[in-house]
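Please keep the sequence and the structure at hand while reading.

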Amino acid sequence: MMPLLAFTRFEVGRLLRSWKFLVVTVGFPVVFYMLFLGDRSPSKVVDGALPWRAYLLVSMCSFGALVASLTAGGARLSAERASGWARQLRVTPIASWSYVVTKVVATMLVVLPVLVLVEAVGVGFGGVHLSAAMWFELSGLLWLSSLPFAFLGVFIGLLVHAETAFPVVTALMFALGYFGGLFVPVASMPHALQVLAHVLPSFHNTALGIALLAGQRPALSHPLVLLGYGAVLALLLLVVHRREESRGLA
Amino acid sequence: MLAAAEIDPPGQDAAPKPLPTSDLALRFSGVEHRYGARVALDQLEMSVPRGETVALLGPNGAGKSTAISLLLGLRRPHAGKVEVLGTTPRRAVSQGRVGAMLQTGTGSGLPPGVRVDAVLRLVRRLYRHPAPFDATVERAGISELLGRQTQRLSGGQAQRVRFAIAIAGDPELVFLDEPTAAMDVSGRRAFWRMIRTYAKEGRTIVFATHHLEEADQNAHRVVVVNHGRVVADGPGATLKATVVARRVRFVCSGADRALLDSLEGVTDVRVNGTGVVIDSLDADATVEALVRHRVRFKDLEVTGAGLEDAFIALTGAEAPREHDR
């Protein structure tokens, strides 16, 4: 267990010490929160339930988790594999799966501070006030439900070539953000886009948080779709890892 | 050139005795590996006793890297058996008894965005019984690089750090796959000095190269591989001897080619105007015969034919040059 802990700490440290990573993952959701907020009064309500400032806080937390996950995996991982580092680790005593597992765990660990920072901006700039228990519950819920994002980021890093990983990640980030209703409430979208939103993990991740803040019982579809994404992506990760292993690359 | 004292004398025993498995660092028995239809290793037979430094010499695509991949358990043989330190390659690696510097192409082989010392400390923690940190730093000569970010290292510096990583776990057996690629001449010399010092600690070192000089100067034994087979195996000096022992040159007007051809030891005669070049398996006897037959030679010169010639004769391939890499 010690080697895996050391490896995870190494990865988390590398991510948190990277200015590029922090500027992108914290900068995007925070700047978007400020840009999109507009009317921050509690009377501006969306979906008939939640003030816009709280709604946007939840969706920007989701967006932060998404950006952090895709950036932590994605192009970084792809470049690192191209450099031969992943292969070097393969000839040390740690098991071959530990590379993939550590990447997912490290991604999840850096998502947490990103969520907290975005929430802090929601309090300071947006004036969103929740009880400590509610903050705790919201953070935990959004954090756990971003596991499919972490899988996705690592999957792209393993699958996509270093040069194409960056545009792929950027496109996915904004597609999942926009079509998942993180920038514009889904209810105000045309019908076709609303249907599309319901098959995206980003929509269901946000919806869970919004239901929590609105005091509603979340639709069962939210956790189910997220679990589905998690299971399928975990399986894909396993397949890609096996393929890499047989090629002597993993 | 290297001082002779720095080079370990090649082993002299003429008939190698089969060693018990426990004394072997590695063994290939009838190993085959293919990439699709292309055969990379073809019934490879080879073993290395512990404590030896062995060069795998061959042109690009000869199967050297494939052999190392199999020894590290990164690939599996399609037929035959690979043993490392008396067990399977994968087990030897997971027991932390093996270290390796792999080919990285254009990459540095190091994770970006982190200091050299952090990488080395991480790698040490992956082993149960690593070498002391300071000892590894000193062996690899990287004390002045510890505070650097990995992406700011030159090619040669990155190579030294990768060597430190390869030996951080205090391995019994170290593989180096084309370790001096991307190094300049002085960097290479320093690198091999380091490797020879490390080998003297009793480690087994197997390195792949297509540099003839590197193989000859730094290994006890050179195994020439081509088309996935061992085509020659022995001390560098023996390899040369197996092909052409000596080259005799002199100047002579009106040389009798047929006579020269019939002299003792001669394998080949080339006459170009007044210049004569004779390849001989026994230069002493050949020169004696020249005197006996009263051949009027001037500027006689006897040289050892280069390993380069041995390489060409053995593999039928043009010896690789710098720009091929």
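## Charged pairs in chain B

B:Glu172 has a relative accessible area of 29% and is therefore partly exposed, where buried means under 20% relative accessible area, exposed over 50%, and partly exposed in between (1.4 Å probe, protein chains only). The side chains of B:Arg97 and B:Glu172 meet in a salt bridge at 2.8 Å, N to O, a salt bridge being a side-chain nitrogen of Lys or Arg within 4 Å of a carboxyl oxygen of Asp or Glu. Because B:Arg97 lies in the loop between helix 2 (89-94) and strand 5 (98-101) of chain B, and B:Glu172 in the loop between helix 5 (155-167) and strand 6 (173-177) of chain B, the pair ties together parts that are 75 residues apart in sequence. Helices (H or I, at least four residues) and strands (E, at least two) are DSSP runs, numbered from the N terminus.

Another salt bridge of chain B joins B:Glu52 and B:Arg221, whose closest N and O atoms are 3.0 Å apart. This pair links distant parts of the chain, with B:Glu52 in the loop between strand 2 (38-49) and strand 3 (53-57) of chain B and B:Arg221 in strand 8 (residues 221-226) of chain B, 169 residues apart. B:Glu52 is buried at 19% relative accessibility, and B:Arg221 is buried with a relative accessible area of 11%. B:Arg139 and B:Glu201 also form a salt bridge, with 3.0 Å between the closest N and O atoms; B:Arg139 is partly exposed at 24%, as is B:Glu201 at 41%.

## Basis of the model

The model is predicted, and local features need pLDDT of at least 70, side-chain atom pairs count only at pLDDT 80 or more, while totals for chains, interfaces and linings use all residues. Residues are numbered from 1 along each chain as its sequence is written, chains are lettered from A and ligands numbered from 1 in the order in which they are written, and side-chain values use heavy atoms, with hydrogens and water left out.

## Overall picture of chain B

Chain B has eleven helices and 13 strands, and buried residues make up 50% of its 325 residues. Among contacts (heavy atoms within 4.5 Å) in chain B between residues at least 6 apart in sequence, 67% join residues at least 24 apart.

## Where the chains meet

How many residues of chain A are in contact with chain B? In the model, 23 residues of chain A touch 32 residues of chain B. The area buried between the two chains is about 2300 Å², of which carbon and sulfur atoms give 61%; buried area is the accessible area (1.4 Å probe) that two parts lose on being put together, summed over both.

## Cysteines

A search of the whole structure finds zero disulfides over all chains, a disulfide being a pair of cysteine sulfur atoms within 2.5 Å. A:Cys61 is buried, with a relative accessible area of 1%, and B:Cys252 is buried at 7%.
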